[in-house]
Amino acid sequence: MYQHIMVESGAKVFQKNNRLCIEKDVLHELPAEDIATVVLDNREIIITTYCLEQLSSRGTVVILCNGKHMPESVLLPYGANSRRLKTIRRQISQKKPRLKQLWRQVVQEKIRNQGRCLEFCGKENIVDKLVDKVKSGDTTNVESMAAAAYFPMLFGEDFTRRTPYLVNDILNYGYMILRSAIARYLAIYGFEPSLGLFHHSELNAFNLADDLLEPFRPLVDLYAFRFVESEEEYLTKEMRRGLVQLLNCNIRSGKEVHSVNHAIEREVQSLSRCFEDASAVLLLPKLMPLQAHAYE
């Protein structure tokens, strides 16, 4: 079982005997090979460069938060893949029609998951009817049409993504955590994350991660729905911890139920197959009610 660790106090973080050590008033030790994510959320944390090197060599993603507790930067384990150039060349060689086909799959599953989210929250599924309208490359922008109907239905008719509001803070934080986990696996499997299927901004180093994030977004939306009527004005530690632990929640991947973290890896693996085999399809997640994954 992979662990996702948050350090929220001014502790010293170091590596010793293949264990991640977190020391403040007491010393906590964790097996380093079991850690997928480390979130550093305090400006007084001291971490050794040897520790960062060892975490990276094991494929761990390290997320640094700013003074407002929002993810600010990500350390990715690029050294975990020894044949990265081969994968990047395969990325570059993909024809535009193939990329458009893959993007259609992504958008369709995102809309399906938005519909599932609405149903889990006791709302009318008003977006599922749009799934079959998505064309190759989503040239008619059905994704945007679905979002325009979905968010007001889920969070209230006055809701917009630009409104300063606790729910938006939750969404932004949660999306960043999932985006970082996706970027981690893209690095491990040798992809260049700036080369997207659909997203192509020259200012975005994570276009491909943003593409693969789309069907996972409703997972964060489902968590955020809990706080629509909350009296809290800002993200609490408990909310941030809950968002990180979404990586350990159940989600359906193909015909199996896995943790979100493993489903992300399976999605990235399927992208590798799609780039090698024109008949392959992406293995995209299917939203389930929020529940911690039980490991056997």
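Strand β1 and strand β5 (residues 35-40) run parallel to one another and are joined over five bridges; strands here are DSSP E runs of at least two residues and helices are H or I runs of at least four, numbered from the N terminus, and two strands count as paired if DSSP finds at least two bridges between them. Within this pairing, Gln3 has Ile35 of β5 as its bridge partner. The model is a predicted one, in which local features need pLDDT of at least 70 and side-chain atom pairs count only at pLDDT 80 or more, while totals for chains, interfaces and linings use all residues. Residues are numbered from 1 along each chain as its sequence is written, and side-chain values use heavy atoms, with hydrogens and water left out.

The two strands belong to an open, mixed sheet of four strands, ordered β1-β5-β7-β8. Because β1 (3-7) and β8 (71-75) each have a single partner strand, they stand at the edges, and one side of each lacks a neighbour in the sheet. On average, neighbouring strands of this sheet are turned by 20° against each other, direction ignored.

Elsewhere, helix α4 (residues 142-155) packs against helix α7 (residues 217-224) at an angle of about 25°, with the axes 11 Å apart. Axes are lines fitted to C-alpha atoms, for helices over the stretch in contact, and angles run from 0 to 180 degrees between N-to-C directions. The angle makes α4 roughly parallel to α7, a label for angles under 35 degrees, where over 145 is roughly antiparallel, 65 to 115 roughly perpendicular and the rest oblique. Tyr150, Phe151, Leu154 and Phe155 of α4 meet Pro218, Asp221 and Ala224 of α7, contact meaning heavy atoms within 4.5 Å.
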